[in-house]
Amino acid sequence: MIRSEILKEIAPIIRDHLVVCNIGLPSQELHMIDDQPTNFYMLGTMGLSSSIGFGLALAQDKPVISIDGDGSVLTNLGTLPTIANNATGNYTLLIIDNGSYGSTGDQPTYAGRKTSLTAVATACGCENVVEVQDKDLGPVLQAAIDSDQMTIIVCKCDSGNIKLPVITMDPVVIKHRFMQAVAS
Amino acid sequence: MNLDKKICDDLVANDVSFVTTVPCKQLAGVIEEVDQRDEIFHIPSNKEDEGMGLCAGAFMGGRRSAIIMQNTAIGVTINTLATLTQYYRMPLPMIISYRGELREPVACQVEMAVHTKALLNQMNIPTYHFHWQKDIEEFDNILKYTFMCNKPVAILTDANFWGGYGDQ
């Protein structure tokens, strides 16, 4: 499965929850598949989906899912110790690990070679790290959301992209409706 | 005057309850004070752009946030300031140790100091420079201004403000 197929499959699971979605194609795909006010689309700032989602989870009680990619996590590896050492049960970090920088033309990442993000997250002190194959993600993600324990999911999948338009929604509108959803 | 206590008192009085920090020698006292305050959730960051991400999330979660960092980090946070904090219009008080200014003992610190105000100016980030201890009197107003205008705002605090480096 490629990332867009995974997002289609998990859309019903994440629909009613706060989602911080990674820059580029992941946000564009989620926006096209199931746009929700509970989705915060990153239009820039590669690497910070995990940090933004984690700050959100620490600030309030609702479940938060950060959808990140292997390339983006590699950009901001330093946040994994921060997440591990301040763990909060309402946070799930979903790393869609297709071993490539999808939004920039599928150049290979080191996560697709020798580097295991599962092992990295564990070594950083994250206590509940699950590596899962794409087709098995749904139940694992649902369990992570339902659990009182913070979970890091590394979902291994194929690289590949679909053609789709950019998000033209104004960033302030994205933020405003998201904050209203958070507060509701 | 206890500057560390005054900074934290003003943060709390302005409902700032989420503070991330990246250490600097000049900021050791205020970081310790932040850590001890029950009203403030303190989360150390490993890098300042990560910290700005945490602050953005906390802000959207309904908590006013702030970052405490060194001016050298302006060099690594330009993209985050432009594409996250400014693009989505989020308030962010940045309490910054202004290394490389008067009474600085480490020459290399001057290399980023000479760029600090120019970069902040280029980013259209409102910038205040605390050089004398009495300048802290403006801090409360700066916080109110930050949350009024929904912008990142820089407060540069130099070695003279903090009382120098002792025997160095």
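Colleague: Among contacts in chain B between residues at least 6 apart in sequence, what percentage join residues at least 24 apart?

Modeller: This is a predicted model, and the figure concerns contacts in chain B whose residues are at least 6 apart in sequence. Among those contacts, the share that joins residues at least 24 apart is 78%.

Colleague: What radius of gyration does chain B have, beside that of a compact globule?

Modeller: The C-alpha atoms of chain B fill a box of roughly 45 × 35 × 30 Å along the principal axes, and 48% of its 168 residues count as buried. Because a compact globule with 168 residues would have a radius of gyration near 15 Å, the value for chain B agrees with that expectation, at 15 Å.

Colleague: In what order do the elements of chain B run from the N terminus on?

Modeller: The secondary structure of chain B comes to 7 helices and 6 strands. Read from the N terminus on, these elements run α-β-α-β-α-β-α-β-α-β-α-β-α.

Colleague: Which strands of chain B stand at the edges of the sheet?

Modeller: The 6 strands of chain B form an open sheet with parallel pairing, in the order E2-E1-E3-E4-E6-E5. Two of these strands have a single partner strand each, so one side of each is left without a neighbour in the sheet. Neighbouring strands of this sheet are turned by 20° against each other on average, direction ignored. The edge strands are E2 and E5 (127-130) of chain B.

Colleague: Which residue of E4(B) is the bridge partner of Met69(B)?

Modeller: Strand E3 (residues 64-70) and strand E4 (residues 92-98) of chain B run parallel and are joined by 4 bridges. In E4(B), the bridge partner of Met69(B) is Ile96(B).

Colleague: What angle does the direction of helix H6 of chain B make with that of E6(B)?

Modeller: Helix H6 (residues 139-149) of chain B packs on the sheet, where it touches E3, E4, E5 and strand E6 (152-158) of chain B. Its direction makes with that of E6(B) an angle of about 160°.

Colleague: Which element supplies the largest share of the side of chain B that touches chain A?

Modeller: The contact takes 25 residues from chain B and 27 residues from chain A. On the side of chain B, strand E2 (41-44), helix H3 (48-60) and helix H4 (74-86) each supply at least two residues. By class, that side has 11 nonpolar, 9 polar and 5 charged residues. Its largest share, 9 residues, comes from H3(B).

Conventions. Residues numbered from 1 in each chain as written. Chains lettered and ligands numbered in written order. Predicted model: local features only at pLDDT ≥ 70, side-chain atom pairs only at ≥ 80, totals over all residues. Contact = placed C-beta atoms within 7 Å. Nonpolar A, V, L, I, M, F, W, Y, C, P; charged D, E, K, R; others polar. Rg over C-alpha atoms; globule rule 2.2 N^0.38 Å. Buried ≥ 20, exposed ≤ 12 C-beta atoms within 10 Å, placed from the backbone. Pairing = 2+ DSSP bridges. Axes fitted to C-alpha atoms, helices over the stretch in contact; angles between N-to-C directions.
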